[in-house]
Amino acid sequence: MSRRPSSRRAALRLGGTAVAAALAVPALGSPARAADAAGGAGLDPRPGSDGLGDPLFPTLGNGGYQVSHYDLTFDFTPRTYDFTGSVTLRATATQDLSAFNLDTDGHTIETVTVDGRAAAWTLAEGESGQELTVTPRRPLRRSTAFTVEIRYHGNGKAPRTGLTGWRFGSDGGFACAAQSSRADTFFPCNDHPSDKATWTFHISAPRGYVATANGELLHRTPRSDGSTVWHFALRERMATELVGIAVVEGTYLYGSGPRGLPLRHVVPQGQEETYRPVVDRTADHLVWLEEKFGRYPFSVYGCHIYDGYSDALENQTLSLFSTDWFEPDDEGRPVWETTMVHELVHQWYGDCVTPADWQQAWLNEGPAVYYAALYGQERGWSVLEDTMRAAYAALDEVRAEHGPPGLPRELGGTNIYDGGALVLYALRLRLGERRFSRVMRLWPERFKDRNVTSEDFIRHTVRVSGDRSLDRFLRDWLFGAVNPPMPHRPDWKAAA
């Protein structure tokens with residue numbers, strides 16, 4: 001995600017030790033009952049955990065299983081904001097399961113089945129949403145693949161327990177901004193970046209609207225009421241926080257990137273000529289970044305520009321941008337391109353290679369801020385060293401208030417963004433351009449489609465550079481209470 005220069009995005013505080021705890025009320029029509037007794041030597045069924053213990057968001061995600069695929073059907077009515085949906089999860093049990101949880105918020109659950117058989121379920125209020133507890137008729141053995149289907153309905157503007165991921169435009173439509181924990185306001189899921197899956201989407205849009213989702217548009221199915229179902233497939237795994245569904249009054253614009261990479265963008269209807277020159281810059285951005293990181297990691301990319309959103313977000317294969325970004329600066333320069341580059345960097349750093357938990361978020365934001373600033377310098381819009389020096393002067397105070405870059409106490413602070421970029425700038429000064437570039441290029445190649453931590457980055461840097469002293473160097477920069485000295489910049493000081 002990019003932050004506006006004029007105001008820092010409010011930090012999302014869901015940390016602490018709170019546990020989702022409220023009275024679990026049996027769902028109407030689905031009385032909770034214990035699972036049928038099941039035989040089998042060595043079977044020891046227990047409920048999966050109702051949170052993964054993330055350092056910043058302890059109640060996010062659920063234990064006991066790993067999702068391999070989501071299939072989402074979503075039927076949305078503009079202006080009324082009513083929707084119906086069904087989601088099918090293919091998953092594998094990582095323990096013997098008597099019951100398991102899904103994250104959901106603001107939905108009316110209609111039916112739940114496990115492997116085609118009706119399952120008991122309950123809903124409980126939690127700190128960051130609702131916990132849907134599913135009890136299959138028979139326990140699930142560890143390593144067993146199973147399928148869960150949930151049918152539900154709701155309203156996009158309905159009250160929710162936690163924050164919402166819904167963003168509404170003047171067209172009566174919506175776009176999804178699920179980061180970091182709000183995919184569950186659209187569909188029940190295992191809402192944590194450590195559980196990545198492949199996806200298929202079937203999103204309906206009435207006449208005059210288009211639907212978007214991550215991945216490739218496969219085909220469209222017209223319906224007798226004049227609406228259309230848009231079918232998408234994302235064959236590369238994705239975390240729930242990067243889902244990019246939308247129903248808007250928009251127009252698809254197409255282009256081609258390196259090696260014929262398909263580019264598809266969505267811009268406001270009637271403003272195609274305004275935004276075509278903007279989205280056409282994407283091909284050059286891809287060329288520039290592929291020189292840094294290697295081949296773009298997915299099969300399609302695009303920009304969704306929407307007046308219902310106020311920021312910029314790296315939804316996988318379809319970054320989301322506010323219309324407000326695309327104004328020239330006082331000198332008439334298109335500095336908004338640095339924001340486009342920022343979100344495109346995330347396709348490698350954050351989307352393809354994904355943090356194992358939210359305390360590792362500097363691994364996403366640090367590279368995005370650093371390379372966007374580098375791009376701005378190469379275009380003559382800014383000076384990277386001046387940007388980094390200003391960040392260095394302020395970072396001691398930021399560390400004290402929000403934690404160091406590698407141990408943030410909340411999500412969204414300057415320590416993750418500017419502080420993360422400063423770690424990389426210091427590393428570049430220490431290593432030199434050639435070795436630094438090799439470290440950064442090999443990271444998405446080596447860890448493609450995986451979840452990672454700061455420890456992985458430290459070990460990777462030591463291994464690629466062959467310099468063991470970088471272990472201590474990076475630990476001081478990532479976890480220290482104060483700024484270490486900037487290499488080769490002895491005059492740099494913290495602000496008084």
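Colleague: Hi! What should I know before I start?

Modeller: This is a predicted model, where local features need pLDDT of at least 70, side-chain atom pairs count only at pLDDT 80 or more, and totals for chains, interfaces and linings use all residues. Residues are numbered from 1 along each chain as its sequence is written, and side-chain values use heavy atoms, with hydrogens and water left out.

Colleague: Which domain does UniProt list for residues 68-240?

Modeller: The unreviewed entry gives "domain: Aminopeptidase N-like N-terminal" for that span. UniProt positions are in the numbering used here, feature names are shortened, and annotations may be inferred rather than shown by experiment.

Colleague: And how much of residues 68-240 is helix, and how much strand?

Modeller: The span is 0% helix and 57% strand, and its end C-alpha atoms lie 12 Å apart. Helices (H or I, at least four residues) and strands (E, at least two) are DSSP runs, numbered from the N terminus.

Colleague: New topic: how many salt bridges does a search of the whole structure find?

Modeller: The search finds 22. A salt bridge is a side-chain nitrogen of Lys or Arg within 4 Å of a carboxyl oxygen of Asp or Glu. One of them joins arginine 182 and aspartate 105, at 3.0 Å from N to O. That pair links distant parts of the chain, 77 residues apart: arginine 182 is in the loop between strands S12 (174-176) and S13 (197-205), and aspartate 105 is in the loop between strands S5 (97-104) and S6 (107-114).

Colleague: Are those two buried or exposed?

Modeller: Both arginine 182 and aspartate 105 are buried. Buried means under 20% relative accessible area, exposed over 50%, and partly exposed in between (1.4 Å probe, protein chains only). Arginine 182 also meets aspartate 184 in a salt bridge, at 2.8 Å from N to O, and aspartate 184 is buried too.

Colleague: What about glutamate 337 and arginine 379?

Modeller: Their side chains form a salt bridge, 3.3 Å from N to O. Glutamate 337 is in helix H3 (residues 337-348), while arginine 379 is in the loop between helices H4 (362-378) and H5 (384-402). Salt bridges that share partners join Arg281, Asp284, Glu337 and Arg379 into one network.

Colleague: Last one: which residues of helix H9 are buried?

Modeller: In H9 (residues 470-479), Leu470, Phe473, Leu474, Trp477 and Leu478 are buried. They sit on the same side of H9 because they cover an arc of only 115° around the axis, taken from the directions from the helix axis to the C-beta atoms.
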